[in-house]
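Good morning, colleagues. Please look at the sequence and the model on the screen as I speak.

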Amino acid sequence: MPTLPWLSHADLTAERLSILAEGLLNIRHDTFAELATRFDDNYSRGCTTFGRQRQWLMQLATSGRYSWLTLASPAMDLTVNIGVIPVRFFTDDHDSPKKHGYFRRNEVDCLFSPDETEPVLFRFVVEPAATADDEDRVFFLGHNAFNEVVVEWQYRPKTAVIVPVDAEVPAAVVQSDAEVGLKSSGNEQDAEASGSR
């Protein structure tokens with residue numbers, strides 16, 4: 001049974017993971033909404049989304065906004081550090097990743113030596129919705145030396161809950177009917193305002 005990220009390493013807090021997961025998801029939604037012309041297809045949307053997510057993560061990591069987020073590698077296989085943990089991101093199926101290079105560890109991604117029980121690589125996985133009725137999801141996964149998931153967390157966006165503050169229903173307010181008429185021309189309005197009409 002996979003464990004939660006913060007139980008695996010103290011740097012991997014739910015708050016930090018949520019910030020990054022929400023950003024990756026928002027960029028995906030915004031990009032797909034913008035690229036909805038007859039000249040766009042899954043290829044153009046996918047490439048643009050990856051490029052924008054990569055740039056966002058790179059700029060966020062170098063901005064100094066979060067002391068816990070740093071840039072480890074600006075290459076196409078972008079790697080950021082959450083505290084001391086190197087992390088990469090992919091758009092894929094979280095249960096069965098198929099992207100080339102998903103399990104490949106680059107130079108800065110080799111923080112941990114192979115281990116059967118502990119995670120040796122960490123990935124954000126943005127999983128596209130399977131149908132139009134589903135929603136995109138984001139997972140944070142840690143894999144051991146056998147590429148088995150030993151750490152798993154799913155981002156769940158917070159939703160506002162409306163709670164009544166008072167059980168008493170306020171009394172209805174009676175208002176007079178609105179006055180409706182034709183809009184006067186500018187000269188007529190000036191004459192009415194000065195009383196010369």
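Which residue in strand 2 does Leu 71 stand opposite? The residue opposite Leu 71 is Val 80. Before I go further, please note that what you see is a predicted model.

Let me place that pair in its surroundings. Strand 1 covers residues 69-73 and strand 2 covers residues 79-82; the two run antiparallel and are joined by four bridges. Together, strand 1 and strand 2 form a hairpin, with five residues between them.

Several residues of helix 2 are buried, among them Leu 17, Leu 20, Ala 21, Gly 23 and Leu 24. The buried residues of this helix also include Arg 28 and Thr 31.

Is Leu 24 buried or exposed? Its relative accessible area is 0%, and because buried means under 20%, Leu 24 counts as buried. Leaving aside residues up to four places away in sequence, Leu 24 touches Gln 53, Trp 56, Leu 57, Phe 89, Phe 124 and Val 126. Phe 89 lies 65 residues from Leu 24 along the chain, yet their C-alpha atoms are separated by 8.9 Å.

Phe 89 brings us to the pockets. The largest pocket holds about 400 Å³ of space. Its lining consists of 19 residues, and those nearest the centre are Phe 50, Phe 89, Phe 90, Thr 91 and Lys 99. Which elements each supply at least two residues of this lining? They are helix 2 (14-34), helix 3 (42-63) and strand 3 (85-91). Helix 3 gives the largest share, with five residues. Sorted by class, the lining of the largest pocket has eight nonpolar, six polar and five charged residues.

The second largest pocket contains about 170 Å³ of space. Helix 2 and strand 5 (137-143) are the elements that give two or more residues to its lining. Among the residues that line this second pocket are Leu 25, His 29, Arg 137 and Val 138, together with Tyr 155 and Pro 157. By class, this lining has four nonpolar, two polar and four charged residues.

To close, I would draw attention again to helix 2, which supplies residues to the lining of the largest pocket and also to that of the second largest pocket. Thank you for your attention.

How values were computed: Residues numbered from 1 in each chain as written. Predicted model: local features only at pLDDT ≥ 70, side-chain atom pairs only at ≥ 80, totals over all residues. Heavy atoms only, no water. 1 Å grid on protein atoms, 1.4 Å probe; cavity = no way out; pocket = protein on both sides within 12 Å on 5 of 7 lines; lining within 4 Å. Points joined across faces, edges and corners; volume = space filled by probe spheres on them. Nonpolar A, V, L, I, M, F, W, Y, C, P; charged D, E, K, R; others polar. Buried < 20%, exposed > 50% of the residue type's maximum accessible area, 1.4 Å probe, protein only. Pairing = 2+ DSSP bridges. Contact = heavy atoms within 4.5 Å.
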